[in-house]
Amino acid sequence: MSVYAEETSFMPFRSQRTIAGWLEEFRALGHPTSATVTVMQQDGDEGADTGLVGVRLTYAPTVIYIEPDAAPSTTWRVTLEAREDTAVLDAAAVASLASELSVVAELCAFLEAKSAAFAGADAS
């Protein structure tokens, strides 16, 4: 279990600005992010800005999205987009890809904990 896991009764959605701040905090903790990680706007219910984290891996041409699961879940989910091309990697590239995916998992757990601990209303 991750050091970031916490219990809560619901999974609130967070704005692009809030999630961007959490991503900066994650980076400031020293987590290596060789992949391109960005926060994008995602429209939720009634046009709410719910935020969405996009990851473009360095060692495989795959795009990954990290987003909160539907309420009342306390988890975030990682979606790997389908690929049309086969990826052929040597041992070093596979190790680097595994390292990138490990960081994606830690970021997902970090976002879960930050969202669970967040109190109050979130402004866009």
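Contact here means heavy atoms within 4.5 Å. This is a predicted model: local features need pLDDT of at least 70, side-chain atom pairs count only at pLDDT 80 or more, and totals for chains, interfaces and linings use all residues. Residues are numbered from 1 along each chain as its sequence is written, and side-chain values use heavy atoms, without hydrogens and water.

Thr 62 touches Val 55, Arg 56, Leu 57, Leu 80, Glu 81 and Arg 83, leaving aside residues up to four places away in sequence. Thr 62 sits in the loop between strand E2 (52-56) and strand E3 (63-68). Its relative accessibility is 7%, so Thr 62 counts as buried (under 20% relative accessible area, 1.4 Å probe, protein chains only).

The protein chain has 2 helices and 4 strands (DSSP runs, H or I of at least four residues and E of at least two, numbered from the N terminus). Their order is α-β-β-β-β-α.

The axes of H1 and H2 come within 11 Å and cross at roughly 125° (lines fitted to C-alpha atoms over the stretch in contact, angles from 0 to 180 degrees between N-to-C directions). That makes H1 oblique to H2.

| Helix | Residues | Contact residues |
|---|---|---|
| H1 | 16-28 | Ile 19, Trp 22, Leu 23, Glu 25, Phe 26 |
| H2 | 91-117 | Val 103, Glu 106, Leu 107, Phe 110, Leu 111, Lys 114, Ser 115 |

Of the 124 residues of the protein chain, 36% count as buried. Among contacts with a separation of 6 or more, 58% join residues 24 or more positions apart.

Technical notes
Angles under 35 degrees count as roughly parallel, over 145 as roughly antiparallel, 65 to 115 as roughly perpendicular and the rest as oblique. Buried means under 20% relative accessible area, exposed over 50%, partly exposed in between (1.4 Å probe, protein chains only).
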